[in-house]
Amino acid sequence: MAGTGDEDVLAQRFEEHRGQLRAVAYRMLGSLSEAEDAVQETWLKLIRTDADAIENLGAWLTTVTGRVCLDLLRSRSARREEPLDGTDDTDDTFVPDPVIRPLPWTDPEQEALQADSVGLALLVVLETLQPDERLAFVLHDLFAVPFDDIAPVVERSAAATRQLASRARRRVQGATPPSEADLGRQRQVLDAFLAASRAGDFEALVAVLHPDVVLRVDSGALVRGAAASKVVHGARTVAAGALTFARYAETARLVLVNGAIGVANAPGGRPLSVMGVTITDDRITHMYILADPDRLERLDLAAPEP
């Protein structure tokens, strides 16, 4: 373990890499709080290591963060395979923690930074991968880590690790929906959606939704009734549900959700929901709503109005 002075220097070097480590952990776990925990665990491992013997600190930290996340994913998978109360598996309704920012209409630099954000749709697909597949795909395809460095983490050969990433890549490419990239067009569609909701206009809502739209609502394990976690298919069914909760549209505001236009609702500072969407050809094809009270409490929904 390093002395106090050496540890201060090491801490400074670690902070230079914190942003990338958090990005790796978030893409691995889909949870902001768990990502922070993983980064902290990586720091603890670093100070218990002879840092002078590490040739490439950034690469070492990235692979160690990946290993920490892999252990967390394996533990999470084991827990999901052992339901305690006989209820149905809720994996299909899971919505990852969204990253929320105010709309940066006057800040081109911030818009450029947001271009590197990972969308909720991709995170949802990553949740369907096996832990080893997810690690291989995230580290190699998203962060350019060589397979030779990933192989020891998953305890496979480099060739077998390459196959893991290839299998994950096919699943991701086949399941991730195409999305409109222009923020202005995204905003027009969501403005129309909110206007129709506030007006109680069922047909206008149907018009802005793709006929085969998929709505995923994650309200956590404790919420029951109409607000419970669910997956809903079809424009008319989704529109009917939107009208059921139309009163909340009055306090909804547009924000950036993982780099795309989305909706946050926190009347009086009390977080109710965050919605991310996928838009194709000016229609909403996928909707991802996080309404879990416990998880929302940990998010910052108090961003100023744009």
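Helix α6 (residues 131–142) packs against helix α8 (residues 158–175) at an angle of about 90°, and their axes lie 8 Å apart. Axes here are lines fitted to C-alpha atoms, for helices over the stretch in contact, with angles from 0 to 180 degrees between N-to-C directions. The two helices are therefore roughly perpendicular (that label covers 65 to 115 degrees; under 35 is roughly parallel, over 145 roughly antiparallel, the rest oblique). Residues in contact (heavy atoms within 4.5 Å) include Phe137 and His140 of α6 and Leu164 and Arg167 of α8. By class, this contact has six nonpolar, two polar and six charged residues, where Ala, Val, Leu, Ile, Met, Phe, Trp, Tyr, Cys and Pro count as nonpolar, Asp, Glu, Lys and Arg as charged, and the others, Gly among them, as polar.

This is a predicted model: local features need pLDDT of at least 70, side-chain atom pairs need 80 or more, and totals for chains, interfaces and linings use all residues. Numbering starts from 1 along each chain as its sequence is written, and side-chain values use heavy atoms, without hydrogens and water.

On to the sheet. It is open, with seven strands in the order β1-β4-β5-β6-β7-β2-β3 and mixed pairing. Helices (H or I, at least four residues) and strands (E, at least two) are DSSP runs numbered from the N terminus, and strands pair if DSSP finds at least two bridges between them. β1 (100–101) and β3 (230–233) each have a single partner strand, so one side of each lacks a neighbour in the sheet. β1 runs antiparallel to β4 (residues 252–257), joined by two bridges, and Ile100 sits opposite Val257 in β4.

| Helix | Strands | Angle |
|---|---|---|
| α9 (residues 183–199) | lies across β2, β4, β5, β6, β7 | about 30° to β5 |
| α11 (residues 235–244) | touches β2, β3, β7 | about 50° with β2 |
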